[in-house]
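Subject: Structure handover

Hello,

Here is the structure for your files. My notes on it follow below.

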Amino acid sequence: MKGRFQKAEFPVEKVRCYLEPGPIVLVSSALGEERNIMTMGWHTVMEFTPSLVGCVIAESNHSFRLIRESGECVINLPTRALLDEVVGIGNTTGAEVDKFATFGLTPEESRVVNAPSILECCACFECRLADDSLVRKYNFFVFEVVYARAARRPKHPETLHYTGNGVFMVSGKILSRRAKFRPELLD
């Protein structure tokens with residue numbers, strides 16, 4: 001049965017509680033001997049071929065300089081098992097601690113970029129900066145995924161989704177409507 005909802009006024013500065021675009025990711029970066037991990041929720045798929053992902057990285061974030069200067073990063077997909085690490089990484093700065101060591105994560109050599117991947121994450125998307133024209137104005141980076149790896153199982157990992165105020169949702173029940181799609185729209 002379709003629901004009808006009585007709605008009340010909602011603060012516009014909190015719409016992200018409903019509109020966060022996707023799962024929380026851990027972005028790893030490196031510049032020379034320096035490396036870092038940041039927790040990120042502000043990202044969006046922009047194109048399929050080439051595979052482009054847009055990300056907001058605040059200039060005040062330690063990763064901003066590493067990514068801006070190196071032009072690359074790895075977008076790592078953590079699962080529910082890494083919730084405490086995700087929160088801890090988001091609450092510390094790489095300017096003061098080695099987040100790999102502090103949170104017991106294993107840096108893994110990436111295949112194409114110099115930034116390390118995170119072994120404990122179920123997927124790793126190696127990225128190169130494709131467009132930085134919106135960085136100065138909006139801190140918005142457009143990355144091209146140049147190499148991707150993902151665990152074969154589980155097929156639908158329990159990803160984390162941030163709703164604000166320290167609250168996360170975990171991806172839930174999978175609903176397939178594959179039979180209702182036109183074949184040319186399926187991948």
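How many helices and strands does the protein chain have? There are 5 helices and 11 strands, taken as DSSP runs (helices H or I, at least four residues; strands E, at least two) and numbered from the N terminus. The radius of gyration is 18 Å, close to the 16 Å from the globule rule for 187 residues, so the chain is as compact as a globular protein of that length. That radius is taken over C-alpha atoms, and the rule is 2.2 Å times the number of residues to the power 0.38.

This is a predicted model: local features need pLDDT of at least 70, side-chain atom pairs count only at pLDDT 80 or more, and totals for chains, interfaces and linings use all residues. Residues are numbered from 1 along each chain as its sequence is written, and side-chain values use heavy atoms, with hydrogens and water left out.

Along the principal axes, the C-alpha atoms fill a box of roughly 55 × 40 × 35 Å. Of the 187 residues, 36% are buried (under 20% relative accessible area, 1.4 Å probe, protein chains only). Among contacts (heavy atoms within 4.5 Å) between residues at least 6 apart in sequence, 58% join residues at least 24 apart.

Regards

Terms used
Buried means under 20% relative accessible area, exposed over 50%, partly exposed in between (1.4 Å probe, protein chains only).
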